[in-house]
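Subject: Structure for your files

Hello,

Here is the structure I said I would pass on. Please look through it when you have time; my notes come after it.

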Amino acid sequence: MDSAIHPSLRTVEWKDNSVIMIDQTKLPNELVYVKYTDFKDVAEAIRNLIVRGAPAIGVSGAFGLALAALQSKATDRDSLIHDMEEAKKILFETRPTAINLAWGLERIMNVARTAKTVSEIRDAVVREAKITAEEDIQINMRMGKNGSTLFDNNDTIMTHCNAGALATVAYGTALGVIRATRDSGKSIKVIATETRPVMQGSRLTAFELKHDGIDVSLIPDTAVGYSMANGLVSKVIVGADRILATGHVYNKIGTYQVALMAKQHGIPFYVAAPLSTFDMKSTPKDVVIEQRKSTEVTGVAGKKTAPDDIKVINPAFDMTPPELISGIITEAGVAKPPFEESIKKLFAKL
Ligand SMILES: CSC[C@@H](O)[C@@H](O)C(=O)COP(=O)(O)O
């Protein structure tokens with residue numbers, strides 16, 4: 001099976017001036033495609049995790065803004081740019097931590113600002129959004145190839161959350177590396193955490209890897225320590241929602257615990273993310289951690305599992321400091337500690 005591209009599992013794509021997405025909230029039970037022609041619906045889809053995962057959110061933001069350009073009733077260039085700036089704000093506010101969203105939106109605005117007429121803007125932004133999606137595939141393939149050299153025959157690789165084909169347009173970031181390692185002829189196994197509370201690990205990662213014929217075992221998040229202490233894990237790989245110039249990595253809540261545990265057991269901990277996930281300007285105090293609704297924690301599958309009126313803390317992401325990370329895999333190469341210098345060198349290659 002060619003695991004590089006899954007035409008039937010394209011997370012998000014542009015078709016006939018509309019955005020088509022797989023509704024990721026319905027997986028693995030149903031494969032449902034949704035179609036949007038209004039950018040506000042794309043914004044809601046991002047907010048409600050119909051599409052999720054940093055690179056896919058970036059592409060969806062780009063598509064959403066292209067839709068906004070088509071929807072606008074503006075008849076002159078400046079009014080259209082104004083309408084797009086307003087739409088950008090609405091799209092941007094949906095999820096604050098994944099930097100790819102801001103990156104995707106800015107990429108489309110930059111193209112719009114350089115075009116001269118309403119029709120030029122519309123053509124240019126639709127073209128650019130499609131290119132953004134296509135490039136994502138190529139970037140993931142390069143990342144996969146770069147990362148696969150870090151993994152060995154008979155490795156058992158732990159991953160957390162879903163950094164896969166359903167998180168990106170195809171191939172995936174962390175799962176792209178896993179796929180590329182398998183495709184290079186190495187025999188590997190994967191341990192996927194459930195990733196409470198929204199279960200991206202069981203609903204998406206386990207689903208995808210099983211679909212690809214990769215040996216995957218699912219564990220509760222609470223079994224990370226047990227698995228490592230009992231020699232069940234040889235390496236860890238995760239994706240990222242934002243990486244700072246210093247190598248601080250923001251990823252799904254629980255990643256920090258996994259990284260600490262890996263350090264304790266001497267297990268290499270890798271991160272895979274495209275350069276569009278890097279935020280070279282912010283420091284940790286600038287990064288907003290998305291807080292999600294309490295019902296994600298007070299119930300399971302629609303059934304209440306907590307007392308009424310309980311206080312809940314439900315951050316969607318945490319920060320893993322650079323000293324816990326063995327390498328950051330990108331399409332331009334692998335950054336190694338000390339990260340500041342190494343990351344700069346990757347950007348210099350662009
Ligand atoms: C490929 S994005 C990085 C992932 O590891 C993970 O944090 C993620 O999927 C983002 O979370 P989500 O809240 O599902 O959008």
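This is a predicted model: local features need pLDDT of at least 70, side-chain atom pairs count only at pLDDT 80 or more; totals for chains, interfaces and linings use all residues.

Residues are numbered from 1 along each chain as its sequence is written.

Domains. The protein chain is assigned domain 1 (7–141) and domain 2 (142–348); the bounds come from an automatic or database domain assignment. Their C-alpha centres are 25 Å apart. Contact joins 29 residues of domain 1 to 36 residues of domain 2, where contact means that the C-beta atoms, placed from the backbone, lie within 7 Å. On the side of domain 1 that touches domain 2, the elements giving two or more residues are H2, helix H4 (99–114) and helix H5 (118–148). Helices (H or I, at least four residues) and strands (E, at least two) are DSSP runs, numbered from the N terminus. H5 supplies the largest share of that side, seven residues. By type, the residues of this side of domain 1 are 18 nonpolar, eight polar and three charged. Here Ala, Val, Leu, Ile, Met, Phe, Trp, Tyr, Cys and Pro are nonpolar, Asp, Glu, Lys and Arg are charged, and the others, Gly among them, are polar.

Ligand. Around the ligand there are 17 residues, of which Arg52, Ala163, Ala167, Gly239 and Lys252 come nearest; a residue is near if its C-beta atom, placed from the backbone, lies within 6 Å of the molecule. Helix H2 (54–71) and strand S9 (249–252) are the elements that give two or more residues to this shell. The shell consists of eight nonpolar, six polar and three charged residues. Both domain 1 (7–141) and domain 2 (142–348) contribute residues to the shell, so the ligand lies between them.

Sheet. Three strands make an open sheet, in the order S1-S2-S3, with antiparallel pairing; a pair needs at least two bridges found by DSSP. Strand S1 (12–15) and strand S3 (33–36) are the edge strands, each pairing on one side only. On average, neighbouring strands of this sheet are turned by 25° against each other, direction ignored. Strand S2 (residues 18–22) and S3 run antiparallel and are joined by four bridges. Isoleucine 20 is opposite lysine 35 in S3. H2 packs on the sheet and touches S1 and S2, its direction making about 25° with that of S1. Axes are lines fitted to C-alpha atoms, for helices over the stretch in contact, and angles run from 0 to 180 degrees between N-to-C directions.

Regards

Methods. Two residues are in contact if their C-beta atoms, placed from the backbone, lie within 7 Å.
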